[in-house]
Amino acid sequence: MLRRRVVVTGLGAVTPVGIGVDAFWRGLLEGRSGVGYITRFDTTDFPVKIGAEVTDFDPLDFIDRKEARRMDRFCQFAVAAAELAVEDAGLDKYDPDRTGVVMGTGVGGMETLIQQLDVMKRRGPERVSPFFVPMMIANMAAGQIAIRFDARGPNSTVVTACAAATNAIGDAFRIIASGLADVMITGGAEAAFVPIAVAGFWTMRALSRRNGEPEKASRPFDAGRDGFVMGEGAGVLVLESLEHALARGAEIYGEVLGYGMAADAYHITAPAPRGAGGVRSMTWALEDAGLEPESVDYINAHGTSTPLNDRLETEAIKTVFGQHAYKLAVSSTKSVTGHLLGAAGAIEAMACLLAIRDGVVPPTINHDQPDEGCDLDYVPNVARRMKVRIALSNSFGFGGQNATLIFGQFAE
């Protein structure tokens with residue numbers, strides 16, 4: 001079946017290295033770490049005290065005070081990023097019935113859940129907020145964005161752990177390509193800096209223990225890596241059919257060329273041997289795009305800074321790309337932003353599009369000691385000027401979720 005071409009016309013970012021796409025991109029290219037000490041709760045009794053928080057966010061810059069009080073932090077991030085993306089796209093006229101929303105998240109309104117559980121324990125069930133459920137449920141980011149922009153078309157929420165935002169963008173891409181909508185507002189949001197989440201990741205030994213050097217803790221593909229650094233934030237993209245974007249004279253960042261997803265069907269947290277799920281995800285994305293592996297110039301890796309993920313993702317890339325793997329630029333922007341969990345894929349998709357636009361690839365910072373099992377070109381420590389025509393973005397999640405997006409330079 002013939003499918004419509006889909007382009008990206010707007011980007012909105014709320015990240016640990018800046019709010020707005022310009023601040024975000026500048027932070028990545030400068031290699032300025034967004035990791036510091038956790039301030040959202042008292043970490044005195046916690047063995048992990050570091051994270052990548054959004055420190056300069058005021059929801060009232062984007063949302064009415066009354067509405068903001070009825071949104072969890074993850075939802076505030078999502079609405080703010082959507083506002084920025086829609087403004088960036090110059091999207092002022094559209095058919096509401098042909099405009100939809102797909103958002104991803106890993107856990108949804110976890111701050112609200114913890115806060116209201118405490119209220120119930122201290123003051124009784126009758127004191128629980130009547131807004132508890134609509135603040136906490138994971139689909140409310142998509143719901144609030146739809147309300148905000150009167151987007152009455154397809155609307156859904158993807159909860160596939162750390163692959164959620166990539167799956168959401170891929171689903172939105174397919175909705176437009178199939179003709180069900182002309183415009184989709186899509187991405188991911190996460191705000192999970194609560195004690196139970198940090199404790200849970202710590203007890204499974206997933207988090208970095210470099211409390212004394214927060215800025216150096218996230219070090220994907222480096223031999224000294226010891227775990228990921230938790231982050232928070234949101235990324236939202238405006239996707240349009242090519243016809244719709246051209247008709248309104250929109251500026252185009254790039255084109256969505258392909259989408260692949262696959263399950264490991266192996267383990268609840270560990271990647272499959274040899275990165276087999278990632279191999280299928282990347283292979284199917286290339287097939288969906290009608291591209292040969294040699295056409296890809298840059299990969300924004302999942303690159304979590306955990307010993308197992310980085311090695312197996314490297315192995316998967318080598319399986320898919322063969323000798324071309326050694327000619328690719330591969331970087332992990334999680335070295336700068338930390339791991340935004342269900343929102344990670346959205347800001348990493350943005351990094352791919354901006355690399356295509358500007359001809360520069362963001363670095364993997366803290367890459368000081370090569371690892372025998374990670375032997376590709378990870379763009380160590382300094383951004384690199386290079387022509388990027390095709391970029392691929394990987395996201396892998398607990399439960400064996402694997403998702404891959406491919407973006408290309410737009411040409412009519």
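Predicted model: local features only at pLDDT ≥ 70, side-chain atom pairs only at ≥ 80, totals over all residues.

Reader: Where does phenylalanine 221 sit, and what makes its phi worth a remark?

Author: Phenylalanine 221 is placed in the loop between helix H8 (195-203) and E8. Its phi is near 70°, a positive value in a residue other than glycine.

Reader: Arginine 274 also has a phi to remark on; is arginine 274 buried or exposed?

Author: Arginine 274 has a relative accessible area of 56%. The cut-off for exposed is over 50%, so arginine 274 is exposed. This arginine lies in the loop between E9 and helix H10 (276-289), and its phi is positive, about 60°.

Reader: Why is the pair of phenylalanine 41 and phenylalanine 46 called edge-to-face?

Author: The structure holds 6 aromatic pairs, and this is one of them. The two ring centres are 5.2 Å apart and the planes stand at 65°. Pairing needs centres within 6.5 Å, and edge-to-face needs planes over 60 degrees apart, so the pair of phenylalanine 41 and phenylalanine 46 is edge-to-face. Both residues are buried.

Reader: What makes phenylalanine 57 and phenylalanine 77 an edge-to-face pair, and which parts does the pair tie together?

Author: Their rings are 5.0 Å apart centre to centre, with 75° between the planes, and the angle needed is over 60 degrees. Phenylalanine 57 lies in the loop between strand E4 (50-51) and helix H2 (65-69), while phenylalanine 77 belongs to helix H3 (residues 73-89), so the pair ties together parts that are 20 residues apart in sequence. Phenylalanine 57 is buried at 12% relative accessible area, and phenylalanine 77 is buried at 0%. Together with Phe62, these two form one aromatic cluster.

Reader: How do you know that arginine 205 lies over the face of tryptophan 202?

Author: Arginine 205 is 4.6 Å from the ring centre of tryptophan 202; the distance limit is 6 Å.

Reader: Which residues have the most contacts inside the largest nonpolar core?

Author: That core has 52 residues, and those with the most contacts inside it are Val8, Leu11, Phe24, Leu237, Leu239, Tyr298 and Phe407. Helix H13 (344-358) is one of the elements that each supply at least two core residues, and H13 gives the most, with 11 residues. Another core, of 36 residues, lies apart from it, with Val86, Ala151, Val183 and Ala234 among them.

Reader: Is aspartate 182 buried or exposed, and what is it in contact with?

Author: Aspartate 182 has a relative accessible area of 16%, and the limit for buried is under 20%, so aspartate 182 is buried. It is found in the loop between H7 and strand E7 (183-190). Leaving aside neighbours within four places in sequence, aspartate 182 has contacts that include Arg4, Arg98, Leu239 and His244.

Key:
Residues numbered from 1 in each chain as written. Heavy atoms only, no water. Phe/Tyr/Trp six-rings, centres within 6.5 Å; stacked < 30°, edge-to-face > 60°. Buried < 20%, exposed > 50% of the residue type's maximum accessible area, 1.4 Å probe, protein only. Helix = DSSP H or I, 4+ residues; strand = E, 2+ residues; numbered from the N terminus. Lys NZ or Arg CZ within 6 Å of the ring centre and 35° of its normal. Core = buried A, V, L, I, M, F, W, Y, C linked by side-chain atoms within 4.5 Å. Contact = heavy atoms within 4.5 Å.
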